[in-house]
Amino acid sequence: MKETTLCYIEQNHSYLLLHRIKKKEDENRGKWIGIGGKLEPGETPEDCLLREVREETGLTLTRYRYRGKIFFESDTYAAELMHLYQADAFVGELNPDCREGVLAWVKKEETASLPMWKGDRIFLDLLRTEEPFFRLSLRYRGEELVEAVLNGKPLPLG
């Protein structure tokens, strides 16, 4: 199972998002996501978070919270354990030339209109409502979300 981190960096009621359009072979191609990536051997989730944010954005996080663990299961992609973070303080200058895609500050209320995974909308809502540390399991068939379970309880997918 691959292990990753993802962070939603906030500023002025906006999230720093990455529009994944640069890599041809990318399971997130065309989607808007937070900032993150795969853990390297011997790396902790926190180490990965800080490294990936610095590599992809040029920013160094100075305040962040570990918000949840998200398990992904799919008939198309490898199983994944993602460590989800939220940050609201950083230093440095945003590097506009990210190799993964295009970075943009997006107003929180505008994220609903962007192409993203349906499961991402669930955990963005959990961040918005200040859900305490959570465990979320998401099961996909292709790009269709077929099951979501929050802290052991199934969620409606309507």
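The model is predicted: local features need pLDDT of at least 70, side-chain atom pairs count only at pLDDT 80 or more, and totals for chains, interfaces and linings use all residues. Residues are numbered from 1 along each chain as its sequence is written, and side-chain values use heavy atoms, without hydrogens and water.

Start at arginine 67. Arginine 67 belongs to strand 5, residues 60–74. (Strands are DSSP runs of E with at least two residues; helices are runs of H or I with at least four; both are numbered from the N terminus.) Arginine 67 is buried, meaning under 20% relative accessible area, where exposed is over 50% and partly exposed lies in between (1.4 Å probe, protein chains only). Yet arginine 67 has no salt bridge. That term requires a side-chain nitrogen of Lys or Arg within 4 Å of a carboxyl oxygen of Asp or Glu. The nearest side chain of opposite charge is glutamate 130, 4.3 Å away. (Lys and Arg count as positive, Asp and Glu as negative; His and the chain ends are not counted.)

The side chain of arginine 67 does make a polar contact with the side chain of glutamine 86, at 2.2 Å. Such a contact is a pair of N or O atoms within 3.5 Å; within protein, one must be able to donate a hydrogen and the other to accept it, and residues adjacent in sequence count only if both atoms are side-chain atoms. Leaving out residues up to four places away in sequence, arginine 67 touches, among others, Tyr85, Glu130 and Phe133 (heavy atoms within 4.5 Å).

Now the rings. The whole structure holds eight aromatic pairs. Rings of Phe, Tyr and Trp (its six-membered ring) pair if their centres lie within 6.5 Å; planes under 30 degrees apart are stacked, over 60 edge-to-face, the rest tilted. Tyrosine 66 and phenylalanine 133 have centres 5.1 Å apart and planes at 80 degrees, so they are edge-to-face. They sit 67 residues apart, tyrosine 66 in strand 5 and phenylalanine 133 in the loop between helix 2 (118–128) and strand 8 (134–141). Tyrosine 66 is partly exposed at 32%. Phenylalanine 133 is partly exposed at 44%.

Tyrosine 77 and tryptophan 117 are also edge-to-face, because their centres are 6.4 Å apart and their planes stand at 90 degrees. Tyrosine 77 is partly exposed at 29%, whereas tryptophan 117 is buried at 10%.
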